[in-house]
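Keep the viewer open as you read.

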Amino acid sequence: GKFAVESDDIIAAVRRAGGVFAAASKGVSEGKDALNEFIATFTSVRATTREGAETIATGLRTIFTRIQRGTTIKFLEELGIQLQENGKFVGAFKAINRLSIALKDLDPRDVRFSQIVEELGGFRQIGKVIPLLQQMEVRMDALRTAQMGGGSLSEDAITAQQSLSVQLEKTREKFVAMVREITSSSGFKSF
(Lines give C-alpha, C1' and ligand atoms only; values in the text may rest on other atoms or scores of the structure.)
Protein backbone atom coordinates (compact mmCIF):
# COMPACT_ATOMS: atom_id res chain seq x y z
CA GLY A 1 0.00 0.00 0.00
CA LYS A 2 2.86 2.36 0.72
CA PHE A 3 4.02 2.16 -2.89
CA ALA A 4 0.69 1.78 -4.70
CA VAL A 5 1.59 -1.75 -5.77
CA GLU A 6 -1.01 -4.45 -5.35
CA SER A 7 -0.43 -8.11 -4.61
CA ASP A 8 -1.86 -9.04 -8.03
CA ASP A 9 0.85 -6.88 -9.63
CA ILE A 10 3.57 -8.63 -7.66
CA ILE A 11 2.17 -12.07 -8.49
CA ALA A 12 2.05 -11.23 -12.21
CA ALA A 13 5.62 -9.91 -12.08
CA VAL A 14 6.90 -12.99 -10.24
CA ARG A 15 5.24 -15.24 -12.82
CA ARG A 16 6.76 -13.39 -15.73
CA ALA A 17 10.23 -12.39 -14.47
CA GLY A 18 10.78 -14.09 -11.12
CA GLY A 19 12.57 -17.08 -12.60
CA VAL A 20 15.11 -14.94 -14.46
CA PHE A 21 15.72 -12.86 -11.32
CA ALA A 22 16.18 -16.02 -9.25
CA ALA A 23 18.62 -17.44 -11.79
CA ALA A 24 20.57 -14.17 -11.85
CA SER A 25 20.65 -14.12 -8.03
CA LYS A 26 21.46 -17.80 -7.45
CA GLY A 27 24.25 -18.20 -4.93
CA VAL A 28 23.96 -14.56 -3.85
CA SER A 29 20.47 -14.36 -2.41
CA GLU A 30 17.84 -17.04 -2.49
CA GLY A 31 14.44 -17.87 -1.08
CA LYS A 32 12.69 -15.13 0.86
CA ASP A 33 15.64 -12.74 0.50
CA ALA A 34 15.61 -13.03 -3.30
CA LEU A 35 11.83 -12.64 -3.37
CA ASN A 36 12.02 -9.46 -1.28
CA GLU A 37 14.75 -8.08 -3.56
CA PHE A 38 12.65 -8.86 -6.63
CA ILE A 39 9.57 -7.24 -5.09
CA ALA A 40 11.61 -4.14 -4.21
CA THR A 41 13.04 -3.94 -7.73
CA PHE A 42 9.64 -4.34 -9.34
CA THR A 43 8.07 -1.87 -6.92
CA SER A 44 10.63 0.85 -7.68
CA VAL A 45 9.71 0.73 -11.35
CA ARG A 46 5.96 0.26 -10.84
CA ALA A 47 5.66 3.11 -8.34
CA THR A 48 7.56 5.42 -10.67
CA THR A 49 6.13 4.58 -14.09
CA ARG A 50 2.65 3.27 -13.23
CA GLU A 51 2.94 0.98 -16.26
CA GLY A 52 1.18 -2.37 -16.15
CA ALA A 53 2.69 -5.19 -14.14
CA GLU A 54 3.03 -7.47 -17.17
CA THR A 55 4.82 -4.78 -19.18
CA ILE A 56 7.24 -3.99 -16.37
CA ALA A 57 7.91 -7.66 -15.70
CA THR A 58 8.68 -8.29 -19.37
CA GLY A 59 11.10 -5.35 -19.31
CA LEU A 60 12.75 -6.60 -16.12
CA ARG A 61 13.15 -10.07 -17.63
CA THR A 62 15.03 -8.51 -20.55
CA ILE A 63 17.16 -6.36 -18.23
CA PHE A 64 18.02 -9.25 -15.87
CA THR A 65 19.09 -11.34 -18.84
CA ARG A 66 21.19 -8.61 -20.43
CA ILE A 67 22.82 -7.40 -17.21
CA GLN A 68 24.69 -10.67 -16.81
CA ARG A 69 25.79 -11.10 -20.43
CA GLY A 70 29.52 -11.22 -20.93
CA THR A 71 29.48 -8.37 -23.44
CA THR A 72 27.46 -6.16 -21.07
CA ILE A 73 29.75 -6.92 -18.14
CA LYS A 74 32.81 -6.13 -20.26
CA PHE A 75 31.21 -2.91 -21.57
CA LEU A 76 30.43 -1.78 -18.02
CA GLU A 77 33.92 -2.71 -16.78
CA GLU A 78 35.35 -0.34 -19.37
CA LEU A 79 33.26 2.38 -17.72
CA GLY A 80 34.50 1.39 -14.24
CA ILE A 81 31.37 -0.50 -13.14
CA GLN A 82 32.13 -3.96 -11.74
CA LEU A 83 29.34 -6.52 -11.83
CA GLN A 84 31.53 -9.49 -11.00
CA GLU A 85 33.45 -10.62 -7.92
CA ASN A 86 35.96 -13.44 -8.27
CA GLY A 87 34.73 -14.03 -11.81
CA LYS A 88 31.10 -14.49 -10.74
CA PHE A 89 28.11 -12.24 -11.30
CA VAL A 90 27.17 -10.32 -8.12
CA GLY A 91 23.44 -10.95 -8.49
CA ALA A 92 20.69 -8.87 -10.05
CA PHE A 93 19.83 -6.70 -7.05
CA LYS A 94 23.43 -5.87 -6.19
CA ALA A 95 24.25 -5.22 -9.85
CA ILE A 96 21.37 -2.76 -10.16
CA ASN A 97 22.50 -1.02 -6.98
CA ARG A 98 26.08 -0.75 -8.27
CA LEU A 99 24.81 0.70 -11.53
CA SER A 100 22.60 3.18 -9.67
CA ILE A 101 25.52 4.37 -7.55
CA ALA A 102 27.85 4.62 -10.53
CA LEU A 103 25.32 6.58 -12.61
CA LYS A 104 23.96 8.77 -9.81
CA ASP A 105 26.07 11.79 -10.77
CA LEU A 106 25.97 11.19 -14.52
CA ASP A 107 23.65 13.51 -16.43
CA PRO A 108 20.90 11.45 -18.13
CA ARG A 109 21.61 13.48 -21.29
CA ASP A 110 25.21 12.23 -21.32
CA VAL A 111 25.96 9.87 -24.21
CA ARG A 112 27.46 7.30 -21.79
CA PHE A 113 24.20 7.19 -19.83
CA SER A 114 22.28 6.51 -23.04
CA GLN A 115 24.76 3.80 -24.04
CA ILE A 116 24.39 2.04 -20.71
CA VAL A 117 20.59 2.25 -20.79
CA GLU A 118 20.51 0.89 -24.32
CA GLU A 119 22.95 -1.90 -23.44
CA LEU A 120 20.78 -2.98 -20.50
CA GLY A 121 17.33 -2.74 -21.98
CA GLY A 122 17.51 -1.99 -25.64
CA PHE A 123 15.24 0.62 -27.18
CA ARG A 124 12.04 -1.07 -26.03
CA GLN A 125 12.89 -1.17 -22.32
CA ILE A 126 14.30 2.33 -21.85
CA GLY A 127 11.16 3.31 -19.92
CA LYS A 128 11.96 0.61 -17.36
CA VAL A 129 15.76 0.88 -17.23
CA ILE A 130 15.87 4.59 -16.40
CA PRO A 131 13.59 4.41 -13.33
CA LEU A 132 15.27 1.18 -12.31
CA LEU A 133 18.63 2.94 -12.22
CA GLN A 134 17.41 6.25 -10.82
CA GLN A 135 15.10 5.03 -8.05
CA MET A 136 17.58 3.41 -5.67
CA GLU A 137 16.03 5.09 -2.61
CA VAL A 138 12.58 3.80 -3.54
CA ARG A 139 14.03 0.32 -4.16
CA MET A 140 15.83 0.25 -0.81
CA ASP A 141 12.76 1.59 1.02
CA ALA A 142 10.61 -1.06 -0.68
CA LEU A 143 13.13 -3.74 0.36
CA ARG A 144 12.98 -2.61 4.00
CA THR A 145 9.18 -2.59 3.83
CA ALA A 146 9.11 -6.09 2.30
CA GLN A 147 11.49 -7.41 4.96
CA MET A 148 9.44 -5.87 7.78
CA GLY A 149 6.24 -7.11 6.15
CA GLY A 150 7.54 -10.66 6.34
CA GLY A 151 7.67 -10.30 10.12
CA SER A 152 4.12 -9.01 10.26
CA LEU A 153 2.95 -11.93 8.14
CA SER A 154 4.55 -14.30 10.62
CA GLU A 155 2.87 -12.48 13.51
CA ASP A 156 -0.46 -12.66 11.68
CA ALA A 157 0.02 -16.38 11.13
CA ILE A 158 0.79 -16.93 14.83
CA THR A 159 -2.30 -14.93 15.83
CA ALA A 160 -4.43 -16.94 13.41
CA GLN A 161 -3.04 -20.21 14.75
CA GLN A 162 -3.70 -19.13 18.33
CA SER A 163 -7.24 -18.17 17.39
CA LEU A 164 -7.73 -21.53 15.71
CA SER A 165 -6.27 -23.29 18.75
CA VAL A 166 -8.73 -21.50 21.05
CA GLN A 167 -11.64 -22.43 18.78
CA LEU A 168 -10.54 -26.07 18.65
CA GLU A 169 -10.30 -26.16 22.45
CA LYS A 170 -13.81 -24.68 22.78
CA THR A 171 -15.15 -27.23 20.29
CA ARG A 172 -13.49 -30.05 22.23
CA GLU A 173 -14.98 -28.80 25.49
CA LYS A 174 -18.46 -28.59 23.93
CA PHE A 175 -18.09 -32.10 22.52
CA VAL A 176 -17.02 -33.50 25.91
CA ALA A 177 -19.97 -31.72 27.57
CA MET A 178 -22.35 -33.14 24.96
CA VAL A 179 -21.03 -36.69 25.43
CA ARG A 180 -21.31 -36.29 29.23
CA GLU A 181 -24.91 -35.06 28.86
CA ILE A 182 -25.87 -37.93 26.56
CA THR A 183 -24.25 -40.63 28.70
CA SER A 184 -25.88 -39.32 31.88
CA SER A 185 -29.38 -39.25 30.39
CA SER A 186 -31.94 -41.81 31.62
CA GLY A 187 -32.58 -43.06 28.04
CA PHE A 188 -28.89 -43.79 27.48
CA LYS A 189 -28.61 -45.49 30.88
CA SER A 190 -31.59 -47.76 30.19
CA PHE A 191 -30.24 -48.53 26.67
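What follows is a short tour of helices, loops and a few single residues.

## Before you start

This is a predicted model, so local features need pLDDT of at least 70 and side-chain atom pairs count only at pLDDT 80 or more, while totals for chains, interfaces and linings use all residues. Residues are numbered from 1 along each chain as its sequence is written, and side-chain values use heavy atoms, with hydrogens and water left out.

Let's begin with α3, which covers residues 53-67. Helices here are DSSP runs of H or I with at least four residues, strands are runs of E with at least two, and both are numbered from the N terminus. The 15 residues of α3 span 20 Å from the first C-alpha to the last, close to the expected 21 Å. That expected span is 1.5 Å times one less than the number of residues.

Which residues of α3 are buried? They are A53, I56, A57, G59, L60, I63, F64 and I67. They sit on the same side of α3, because they cover an arc of only 160° around the axis; the arc is taken from the directions from the helix axis to the C-beta atoms. As for the wording, buried means under 20% relative accessible area, exposed means over 50%, and partly exposed is in between, using a 1.4 Å probe and protein chains only.

## How α1 packs on α3

Two packed helices are described by the angle between their axes and the distance between the axes. For α1 (residues 7-25) and α3, the angle is about 5° and the axes are 8 Å apart. That makes α1 roughly parallel to α3, a label for angles under 35 degrees. The axes are lines fitted to C-alpha atoms over the stretch in contact, and angles run from 0 to 180 degrees between N-to-C directions.

On the α1 side, the contact uses D9, A12, A13, R16, A17, V20, F21 and A24; they meet A53, E54, A57, T58, L60, R61, F64 and T65 in α3. Contact means heavy atoms within 4.5 Å. By class, that's 10 nonpolar, two polar and four charged residues. Here Ala, Val, Leu, Ile, Met, Phe, Trp, Tyr, Cys and Pro are nonpolar, Asp, Glu, Lys and Arg are charged, and the others, Gly among them, are polar.

## Two loop residues with positive phi

R50 lies in the loop between α2 (31-49) and α3. Its phi is near 60°, a positive value in a residue other than glycine. R50 is partly exposed, at 44% relative accessibility.

N86 is in the loop between β1 (84-85) and β2 (88-89). For N86, phi is near 55°, again positive in a non-glycine residue. With a relative accessible area of 82%, N86 is exposed.

## Single residues worth a click

Leaving aside residues up to four places away in sequence, S100 touches L132, L133, M136 and R139.

K74 belongs to helix α4 (residues 70-78) and is exposed, with a relative accessible area of 53%. Over in helix α8 you'll find E173, which is partly exposed at 45%.

How values were computed: Angles under 35 degrees count as roughly parallel, over 145 as roughly antiparallel, 65 to 115 as roughly perpendicular and the rest as oblique.
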